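Biologist: I'm new to this one, and I'd like to learn how to read it. Could you walk me through it?

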Amino acid sequence: DIPQIPLANGNTIPQLGLGVFQVDNAEDTKNSIKWALAAGYRHIDTAAYYGNEQWVGEAIKESGLDRSELFVTTKLWNNVRGYDETKQAFGESMARLGLDYLDLLLIHWPAPGYVDTWKAMEDLYREGKIKNIGVSNFEQNQLEDLMSQTEIKPMIDQIETHPYFQQTELHAYLESQGIQHEAWSPLGGGKNNALGDPVIAKIAAAHNVTPAQAILRWHIQREEVVIPKSIHEERVAQNRDIFAFGLDEDEMQAIAKLDQGKRVGPDPQNLAWLKKSMTYGSRA
Ligand code: A2P
């Protein structure tokens, strides 16, 4: 079974989910979710910005699974800021997803104005419309700023994390705050990434698993939540098969040494990028 990770509010999140970032058409979105659910995934991570919420909703409906069995995450894009705007955008995401409650809503990036957005999310959480609330791409200074002005602490911070960008300091800070670390692009996003690293290859071979499975296992043992994306059936299934082996301390250390501090995504401290991202919306 896929482990459940406890959150600060007493709820739990499945430690493995399917990510659908850059899955930009109905067929791939619905297929990858169908394969994931067949393989035993029960957690799906989307975002308004991905432009695929509607297809995620269709896939969920067509699965016939009971709503209570699923954990669904979406995110508010950076063009949504302010209390009323946030409530409205949440309603629009829910309409596209065809859901009447959400498991997790995240603020996608720490673009200015996130305090009022968070206040709306606190109220939606109190009303029971969202079971858990959190942020994405927030670093320590941004979390401190948010928490100093609001009442409810984020339950999750979803951040870029992979062997070449390990987030060791932020991971320790999140742990000290009882905020669950969730890793996006856990495999490194596909280009020049650790999937081709010789150290990973050696560890994978020793366990008779693939490099992707070895990397995902490293995240699991760091007690992160992971949301690998794939539009290939065998990879979706393979990425789920990471709970029947374990890396030993030496192997964990060998991967720890691979950190290059090299992001694949935007820098959350890049205010010019954050401001620009507030001027456009969903990719769809
Ligand atoms: P694809 O969707 O074509 O399978 P991340 O989740 O870190 O962003 O990484 C996703 C990238 O890694 C995608 O390009 C995905 O490609 C690829 N990928 C996902 N699972 C695997 C796997 N098990 N083996 C190799 N590549 C994978």
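Biologist: How many helices and strands are there in the chain?

Modeller: Keep in mind that this is a predicted model. The chain has 11 helices and 10 strands. As for overall shape, its radius of gyration is 18 Å, close to the 19 Å that the globule rule gives for 284 residues, so the chain is as compact as a globular protein of that length. Along the principal axes, the C-alpha atoms fill a box of roughly 55 × 40 × 35 Å.

Biologist: In what order do the strands of the open sheet come, and which stand at the edges?

Modeller: Follow the pairing from strand to strand. Here 8 strands make an open sheet with parallel pairing, in the order β3-β4-β5-β6-β7-β8-β9-β10. The edges are β3 (18-19) and β10 (225-226); each has a single partner strand, so one side of each is left without a neighbour in the sheet. Take the β10 end: β10 pairs with β9 (residues 180-184) in the parallel sense over 2 bridges, and Ala-183 has Val-226 in β10 as its bridge partner.

Biologist: And the core? Which residues have the most contacts inside it?

Modeller: The general idea first: nonpolar side chains tend to be buried together in soluble globular proteins. In this chain, buried residues make up 45% of the 284 residues. The largest nonpolar core has 72 residues, and Leu-18, Val-56, Leu-105 and Ile-215 have the most contacts inside it. Helix α8 (residues 211-221) gives the largest share of this core, 6 residues.

Biologist: What is Leu-105 in contact with, leaving aside neighbours within four places in sequence?

Modeller: Leu-105 then touches Thr-74, Leu-76, Phe-90, Met-121, Ile-130 and Ile-133.

Notes:
Residues numbered from 1 in each chain as written. Predicted model: local features only at pLDDT ≥ 70, side-chain atom pairs only at ≥ 80, totals over all residues. Core = buried A, V, L, I, M, F, W, Y, C linked by C-beta atoms within 7 Å. Buried ≥ 20, exposed ≤ 12 C-beta atoms within 10 Å, placed from the backbone. Helix = DSSP H or I, 4+ residues; strand = E, 2+ residues; numbered from the N terminus. Contact = placed C-beta atoms within 7 Å. Rg over C-alpha atoms; globule rule 2.2 N^0.38 Å. Pairing = 2+ DSSP bridges.
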